[in-house]
Amino acid sequence: MYCEEIRPYWLMVTKGYGLTVHDIDWSCPADLEPYEKAHKQEILENDSLMHVWWGSYGLSAVSVAVEHCLAGHKAKSKYIDKPVMQETEKTHSGYKESNEEVAVFEMKQRTNLLRQSGLPESPM
């Protein structure tokens with residue numbers, strides 16, 4: 001049985017994964033290692049989201065406030081109009097060709113290069 005100091009850590013690591021206290025009590029640390037890795041990954045994702053949040057929204061708010069305090073009515077800066085995630089979706093969905101179309105085009109280019117060099121198109 002685990003000592004009382006370790007038990008809360010394993011309960012925290014396995015939250016939301018469908019494990020009961022009985023499952024945790026009767027498993028070895030090696031069984032719970034994937035859950036620990038998933039928990040650490042979740043912490044890293046939250047950290048990167050906070051970095052994006054402060055880097056865009058926080059920095060924008062501070063710079064707008066400072067300029068409006070120093071320049072008064074002459075200040076021209078504005079707070080971010082659109083959410084950051086909305087801007088990233090536009091950049092990813094802005095491609096006209098799908099990944100499959102790009103792959104077909106690349107394959108045709110490779111086939112033409114093989115024909116021009118006199119090599120067989122396929123290994124068979």
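The protein chain exposes about 10700 Å², of which carbon and sulfur atoms supply 63%; accessible areas come from the Shrake-Rupley method with a 1.4 Å probe, and for residues only the protein chains shown count as cover. The model is predicted: local features need pLDDT of at least 70, side-chain atom pairs count only at pLDDT 80 or more, and totals for chains, interfaces and linings use all residues. Residues are numbered from 1 along each chain as its sequence is written, and side-chain values use heavy atoms, with hydrogens and water left out.

The chain holds 5 helices and 0 strands, in the order α-α-α-α-α along the sequence (DSSP runs numbered from the N terminus; helices are H or I with at least four residues, strands E with at least two). Of its 124 residues, 14% count as buried (under 20% relative accessible area; exposed is over 50%, partly exposed in between).

There is 1 aromatic pair in the structure. The ring centres of W53 and Y57 lie 6.3 Å apart with planes at 50°, so the pair is tilted (centres within 6.5 Å, using the six-membered ring of Trp; planes under 30 degrees apart are stacked, over 60 edge-to-face, the rest tilted). W53 and Y57 are 4 residues apart in helix α3 (residues 29-71), about one helical turn.

V62 is also found in helix α3.

| Residue | Relative accessible area |
|---|---|
| W53 | 46% |
| V62 | 44% |

Terms used: Buried means under 20% relative accessible area, exposed over 50%, partly exposed in between (1.4 Å probe, protein chains only).
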